[in-house]
Amino acid sequence: MERKGFVFIFTNPCTMQAILLHFDHTIRLNKPSKKHSAPYITTYTGVENYSGKEKERNAVMDCLTVDNYKYMMEHINMLSTDPYELNSSNIGIYWNYFESSNSDWVKYINRTIELSEDEYDICVADEAYKEYVNSGKQSRSIEALWKELNL
């Protein structure tokens, strides 16, 4: 059963690539390792020995500002949007949508998801009906059920 219409946001090799672009547009991570990213995180946020704990994540997020967000947006859109390519991301596309005054994209996504859910429901119902038919069981009228239950 195929499901269509999902929004997929990626940053390759990891989300930290986009976060670090708030501070330096030349950083290109080559692996998702926190240990590999830690020196950059220390340099730009002061958070030492980053390991991804909640307190550390919050401290990094506290360093993100409107100004460095604008800086990041200028440069994240320069990355490839090919998910198989290292140092690529489509997150800039979605952030541009989020900032747009035109909300038609939200309606499009909602419509696509609704259609996908309807298609999924139909497929599930078809599969359940096939299982029922293949089980050899027979259906009966509601009246027969009522009679059996003395209703």
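**Close-up 1. Asn49 sits in the loop that runs between helix α2 (34-45) and helix α3 (54-61).** Helices here are DSSP runs of H or I with at least four residues, strands are E runs of at least two, and both are numbered from the N terminus. This is a predicted model, where local features need pLDDT of at least 70 and side-chain atom pairs count only at pLDDT 80 or more, while totals for chains, interfaces and linings use all residues. Residues are numbered from 1 along each chain as its sequence is written, and side-chain values use heavy atoms, with hydrogens and water left out. Is Asn49 buried or exposed? With a relative accessibility of 64%, Asn49 counts as exposed (exposed is over 50% relative accessible area, buried is under 20%, and partly exposed is in between, using a 1.4 Å probe and protein chains only). Its phi is near 50°, a positive value in a residue other than glycine. Most residues other than glycine have a negative phi.

**Close-up 2. Asn87 belongs to the loop between α4 and β2.** Here too we find a positive phi in a residue other than glycine, near 65°. Asn87 counts as buried, at 14% relative accessibility.

**Close-up 3. Helices α4 (residues 66-76) and α5 (residues 91-99) cross at roughly 125°, with their axes coming within 9 Å.** The axes are lines fitted to C-alpha atoms, for helices over the stretch in contact, and angles run from 0 to 180 degrees between N-to-C directions. So α4 and α5 are oblique to each other (under 35 degrees is roughly parallel, over 145 roughly antiparallel, 65 to 115 roughly perpendicular, and the rest oblique). On the α4 side, the contact is made by Tyr69, Met72, Met73 and Ile76, and on the α5 side by Ile91, Gly92, Trp95, Asn96 and Glu99 (contact means heavy atoms within 4.5 Å).

**Close-up 4. Helix α4 has buried residues: Asn68, Met72, Met73, His75 and Ile76.** What covers them? The cover includes α1 (15-20), β2 and α5.

**Close-up 5. Asn77 is in the loop between α4 and β2 (88-89).** Asn77 is partly exposed, with a relative accessible area of 39%. Which residues does Asn77 touch, leaving aside its neighbours within four places in sequence? They are Gly92, Ile93 and Asn96. Gly92 is 15 residues away along the chain, yet the C-alpha atoms of Asn77 and Gly92 are separated by 5.4 Å.
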